[in-house]
Amino acid sequence: MTQTSAGRLSDDVPLPDRLLAVATRMFAEKGFESTSVQEIVNAAGVTKGAMYHYFGSKDDLLYEIYHRLLGLQMRRLEQIAGGTGSAEERLRAAALDVLETSFLYLDDFTVFFRSTHLLPRDRREAVRAERRRYHERFRDLVEEGQREGSLRAHTPADIAVHFFFGTVHQIGAWYRPGGRLKTRTIAEHYVDLLLNGLKQA
């Protein structure tokens, strides 16, 4: 996972990270199905044997792209959710964080949501389980706010969470860097829509 173009990665970047950066860039540019292992290793400046030492297949690269991003987001969510402040304040911080990290690692995010269906069934199920754990922890914050009375209880927390993440997962379909709005501004609009829909009248 990297914010830097793989073509500019220095030689001191660990080989697994270099391979993932190259794969992410190429999957984003050409698509997962249209990118060969040979193209990845050529761009990374390594042999197939070196790649297979770390990743058993192209599927492993695809899985790791999302696994690493979701792992980062899960660690940050746990830190935010277990921190100080009201449930509403922590929910706002968590919602902003998932948006900002998705923008920050947009290629990783976009590649996976375009290509999840191409993974073997066991990997797809593993991904869904990871994503479900994240959504459930996020939902806990909504439910905590409902118990506190700052968020209205008659809106099911599950529906609010599915609605929010359904919009987040579409970011890669429309967002392009360099547009009129900064990513922070977009993230704040998304979060306002979530919280304003949940607040007590």
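Which residue follows helix 2, and is its phi positive or negative? Keep that in mind as you read these notes on a predicted model.

1. Let's start with the answer. Gly 45 comes after helix 2, and the phi of Gly 45 is positive, near 75 degrees.

2. Now step back into helix 2 itself, which covers residues 37-44. Its buried residues are Val 37, Ile 40, Val 41 and Ala 44. Looking down the axis of helix 2, you will find these buried residues within an arc of 90 degrees, so they line one face of the helix. They pack against helix 1 (15-30), helix 3 (48-54) and helix 4 (58-81).

3. Next, have a look at helix 7 (residues 121-148) and helix 8 (residues 157-168). Their axes are 9 Å apart, and the two pack at an angle of about 130 degrees.

4. Who touches whom here? On the helix 7 side, the residues in contact include Tyr 134, Phe 138 and Arg 139; on the helix 8 side, they include Asp 158, Val 161 and Phe 164. Sorted by class, this contact has seven nonpolar, two polar and three charged residues.

5. Helix 8 also meets helix 5 (residues 87-104), with axes that come within 11 Å and cross at roughly 20 degrees. That angle makes helix 5 roughly parallel to helix 8. This crossing, too, is right-handed.

6. In this second contact, Ala 95, Val 98, Leu 99 and Ser 102 of helix 5 meet Phe 164, Phe 165 and Val 168 of helix 8. By class, that gives six nonpolar residues, one polar and no charged ones.

Methods: Residues numbered from 1 in each chain as written. Predicted model: local features only at pLDDT ≥ 70, side-chain atom pairs only at ≥ 80, totals over all residues. Heavy atoms only, no water. Buried < 20%, exposed > 50% of the residue type's maximum accessible area, 1.4 Å probe, protein only. Helix = DSSP H or I, 4+ residues; strand = E, 2+ residues; numbered from the N terminus. Arc of directions from axis to C-beta. Contact = heavy atoms within 4.5 Å. Axes fitted to C-alpha atoms, helices over the stretch in contact; angles between N-to-C directions. Nonpolar A, V, L, I, M, F, W, Y, C, P; charged D, E, K, R; others polar. Parallel < 35°, antiparallel > 145°, perpendicular 65-115°, else oblique. Left-handed = near helix turned anticlockwise from the far one by under 90°.
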